[in-house]
Amino acid sequence: MLEMKKELPEIFESFAEARQKGFLAMKEIKDEGKGVVGQFCTYTPLEIFMAAGLVSVGLCSTSDETIPEAEKVLPGNLCPLIKSSYGFAITDKCPYMYFSDLVVGETTCDGKVKMYELLGQIKNLHILELPRKQNTEEAFALWRAEIVRLKERVEKDFGVTITDDMLKEAIRKRNVERRLLKEIYELSAMTPPPVSGLRQLQILFGSQFKFDWNEKVAELQQAIDSIKAAYAAGERPVPEKAPRILITGCPMGGVTEKVVKVIEEAGAVVVVYENCTGAKQMDRQCQEEGDPITNIARYYLQIGCAVMTPDTNRLELLDRLCQQFKVDGVVEMTLQSCHPYSIETYTIKTHLQKKGIPYLHLETDYSTADIGQLATRAGAFLEML
Amino acid sequence: MNASAIVAGIDCGSAACKGVLMQDGAIVAKAVKPTGWNPRETAEELLREMLLQCGPAAGPEGIPGGITVIATGYGRVAIPFAARAVTEITCHSRGAEYLLPGVRTVIDIGGQDSKAISLHNGKVLAFQMNDKCAAGTGRFLEMSAARMGVTLRELDGLLESGESCRLSSMCAVFADSEIVSLLAAGKSRQEVAGGVIDAVASRAAALAARVEVGLPLLLTGGLADLEGLRKALAVQLGCQVKTSPLSRFAGAIGAALS
């Protein structure tokens, strides 16, 4: 069994107040004796950690603050998410990374896989081998075995036993979260939507940093109720005529909110996110009856992502959301040097072209230097609609 | 002059500020100025200059009421007296349709960016921009000309020989030192100039390939009157490349029509 980290980092005093708060909140969790698992990817089966009574937290960083540190080791022409996440790990500047007793990564893109090898030198790391096909028996068998292996690693590291009943309860709880988050973003299927795309993103992104399940569920329900009530009372924060945009591509949050801002400042509204931050992880429910490990494996393996080949599930979800949300255009955001998503932009573009849905690809990174250029592209795209 | 019917289009680019006054669909005045450090002031002077071309209606005290100003280009948001701002993508398309009705592709090589637009009836269907790197832009060409001790106009003259040598670097900074090396190695200015133009044309052609080139194709922007560039582009794209004497004003015309 591993020894859990409970002390603040040495450079704690140098942090600004907001970050100190983040560290203190995590320290409180640790002082209660709870273990923390950090993860990077929507494919990570959070039910395993939940069943073990652990706190799980997303470690994908969204700021360029630590990229210079990371580039002392990693190549410059690598995706900013990978560089920044690694940078936060080596500088002790992220409370979630710092307090993670176990970090779980998947074999998704090449950049992440090789970065994890280096991360493993400084953090207690477990790698899940994610297949790249979603519809063969062998791929499913491998993935199921990987989930069993993860369960065993968690049991060993944290000295717990995870039973089927615990897993079933975790599946049920995660389904409740998924249903509530889906209910929130589906409110924007209305015309006009009751919230801006920026607000929706902040709710979706923020929900992953609420660590008490009961509180989280209550807060989500509250958010739904208050949005509905305001709408019923006639509040219309978004004009009826605003063009309706779907965002797809790489995960979003933090600095990349700039993409949503330039779209909405140009007069459109983002109604739905078909990415890791949005619909992708809440669209379906995990089956509750039957063998929980099999159900978990089946649920997660079917998530659409550019790391899969062929990535038919992404197109299926994209089509469905375009219809349901009556979108006028699709904007894809990719992070610089993200090969899977950048290459797949062509597939997405031609697929949407056939359906007559306008498409814009924006490539960006974690700097703010390109806001003018993004605004010109987004503005021109909206003028096209 | 009936000032109420006049619309001003101002295309405030990174290098030059272009303007037109239009009345009943006709251009009644036009002017160009280096953008300089203060786009707002430059645009104001430009407008005043154009109004003077139309007659004494415009006093020095400012913009006469009744004239609608529409701004485009990178400086579009810096012009407080503009009624609205429209992106240069939309404006170049509308302006190109005005200059060459039926145009299907626009290639604009500007000071700090280059773009390719596919359009139909003046409406944008798809566009590609290169604006994070100086490779293939007017700035790249200007810098290369300066390195060879010639003006852009003279550089165009050097291209008449049809000679060319290959530049291996697309990066504006590295190409600069490569030009020095090539000249030092005894390459003629004609050959180096040919290499520079080919580099710009191949970048523009690569952008155009991503939007699907339809004909006719119009070259717009400040470099459109460089005959050598037009020819090099035609070779790279394998199709006819048209220009207009007013190509430089395409963005401003499009703004006035927006």
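Okay, housekeeping. Residues are numbered from 1 along each chain as its sequence is written, and chains are lettered from A, with ligands numbered from 1, in the order in which they are written. Since the model is predicted, local features need a pLDDT of at least 70 and side-chain atom pairs count only at 80 or more, while totals for chains, interfaces and linings use all residues; side-chain values use heavy atoms, with hydrogens and water left out.

Let's start with chain A. You'll see 15 helices and eight strands there; those are DSSP runs numbered from the N terminus, helices being H or I of at least four residues and strands E of at least two. Its C-alpha trace spans about 60 × 50 × 45 Å along the principal axes. For 385 residues, a compact globule would have a radius of gyration near 21 Å, and chain A comes out at 20 Å, so the two agree. That radius is taken over C-alpha atoms, and the globule rule is 2.2 Å times the number of residues to the power 0.38.

How much of chain A is buried? The figure is 57% of its 385 residues, where buried means under 20% relative accessible area, exposed over 50%, and partly exposed in between, with a 1.4 Å probe and protein chains only. Take the contacts in chain A between residues at least 6 apart in sequence: 74% of them join residues at least 24 apart. Contact here means heavy atoms within 4.5 Å.

Now chain B. This one has eight helices and nine strands, and its C-alpha trace spans about 60 × 35 × 30 Å. With 258 residues, the globule rule gives a radius of gyration near 18 Å; chain B has 19 Å, which agrees. Of those 258 residues, 54% count as buried. Among its contacts between residues at least 6 apart, 64% join residues at least 24 apart.

Next, have a look at helix H7 of chain B, residues 227-237. Its buried residues include B:Leu229, B:Leu233 and B:Leu237, and B:Arg230 is on that list too. What covers them? Among the elements doing so are strand S6 (105-109), helix H4 (152-158), helix H6 (189-209) and strand S9 (217-220) of chain B. Just after H7, B:Gly238 takes a positive phi of about 65°.

B:Asp11 is in strand S1 of chain B, residues 6-12. Is B:Asp11 buried or exposed? It counts as buried, because its relative accessibility is 4%. Leaving out residues up to four places away in sequence, B:Asp11 touches, among others, B:Lys18, B:Thr72, B:His92 and B:Gly251.

Then there's B:Leu257, in the segment after helix H8 (250-256) of chain B. At 39% relative accessibility, B:Leu257 is partly exposed.
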